[in-house]
Amino acid sequence: MIKPGFISKKALILGCILYLQGLLFSCKNDIQQLKATLDKSIINVERAEDVTIIYSKDGATKATLFTSHFTHIQNVDPSYIEMKKGLKVEFYNDSLQVQSTLTAKYGKYFEQNGNVLVRDSVVVTNLKKEQLNTEELVWNEKLQKFYTEKFVKITTPTQIIYGDGLESNQNFSEYKIINIKGMIGVTANSLPL
């Protein structure tokens with residue numbers, strides 16, 4: 001005889017089995033629906049802080065890139081690395097001496113073609129105390145060259161040159177302004193280098 005309020009072990013086990021079966025078979029989402037609702041952008045993005053990237057060619061270090069914030073976006077074609085909080089790049093000669101420096105407030109590196117697009121307050125300096133100022137510049141890491149079609153200002157110890165467009169080696173020791181707009185001669189004491 002079963003007392004009121006008392007459940008037998010068999011009834012309890014049977015009830016648990018039926019409950020678990022109900023849970024198991026009541027799920028209506030299949031794998032395809034789950035994949036469709038999953039936010040893939042979270043999976044395909046890598047983030048890092050205080051990053052240093054060393055570029056080398058034929059076993060020799062050519063440049064070092066420093067950035068405080070790095071986001072690698074992989075779910076687009078072409079994939080890219082974005083540096084929204086600025087970057088600094090030091091370019092070296094074969095003896096690992098810094099030959100030029102590039103700084104900008106924003107950068108985007110396209111891995112497939114080796115282009116780094118930098119924008120916003122772009123400054124390149126070299127050993128000859130020359131300085132390039134522009135708002136946008138492309139550095140092709142494979143070709144070791146700079147390019148821009150934007151307005152440029154080059155300050156040297158003896159002159160200031162204005163123009164549109166520029167091609168240069170990454171050491172910024174040899175450059176060509178595509179469309180020179182003007183030149184101003186100055187004395188060495190009047191330049192704020």
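Buried here means under 20% relative accessible area, exposed over 50%, and partly exposed in between (1.4 Å probe, protein chains only). This is a predicted model: local features need pLDDT of at least 70, side-chain atom pairs count only at pLDDT 80 or more, and totals for chains, interfaces and linings use all residues. Residues are numbered from 1 along each chain as its sequence is written, and side-chain values use heavy atoms, without hydrogens or water.

**View A. The largest nonpolar core has 27 residues.** Such a core joins buried Ala, Val, Leu, Ile, Met, Phe, Trp, Tyr and Cys through side-chain atoms within 4.5 Å. The residues with the most contacts inside this core are L87, V89, L102, V118, L132, L137 and W139. Strand β7 (residues 115-126) supplies the largest share of the core, four residues. Strands are DSSP runs of E, at least two residues, numbered from the N terminus.

**View B. W139 and its surroundings.** Neighbours within four places in sequence are left aside here. Beyond them, W139 is in contact (heavy atoms within 4.5 Å) with Y55, A63, V89, F91, G114, N115, V116, Q144, K145, F146 and Q170. W139 is also among the residues with the most contacts inside the largest nonpolar core.

**View C. Y55 and W139 form an edge-to-face aromatic pair.** The structure has seven aromatic pairs. Rings of Phe, Tyr and Trp (its six-membered ring) pair if their centres lie within 6.5 Å; planes under 30 degrees apart are stacked, over 60 edge-to-face, the rest tilted. The Y55 and W139 rings are 5.2 Å apart, centre to centre, with 80° between their planes. Y55 lies in strand β1 (residues 45-57) and W139 in strand β8 (residues 131-140), so the pair ties together parts 84 residues apart in sequence. Both Y55 and W139 are buried. Ring pairs link Y55, W139, F91, Y109 and F146 into a cluster.

**View D. F172 and Y175 form a stacked pair.** Their ring centres are 4.8 Å apart and their planes meet at 20°, so the pair counts as stacked. F172 is buried, at 0% relative accessibility. Y175 is partly exposed, at 24%.

**View E. The charged end of K108 sits over the ring of Y80.** The charge lies 4.4 Å from the ring centre. The rule asks for NZ of Lys or CZ of Arg within 6 Å of the ring centre and within 35 degrees of the ring normal.

**View F. D94 and K62 form a salt bridge.** The structure holds five salt bridges, each a side-chain nitrogen of Lys or Arg within 4 Å of a carboxyl oxygen of Asp or Glu. The closest N and O atoms of D94 and K62 are 3.1 Å apart. D94 is in the loop between β4 (87-92) and β5 (98-104), and K62 is in strand β2 (residues 60-73). This pair links distant parts of the chain, 32 residues apart. D94 is exposed, at 68% relative accessibility. K62 is buried, at 17%.

**View G. E90 and K88 meet in a salt bridge.** The N to O distance is 3.6 Å. E90 counts as buried because its relative accessible area is 17%. K88 is partly exposed, at 35%.

**View H. D164 and K181 meet in a salt bridge.** Their N to O distance is 3.2 Å. D164 is in strand β10 (residues 159-169) and K181 in strand β11 (residues 175-185). The two residues are 17 residues apart, and the pair links distant parts of the chain. D164 is partly exposed, with a relative accessible area of 24%. K181 is exposed, at 54%.
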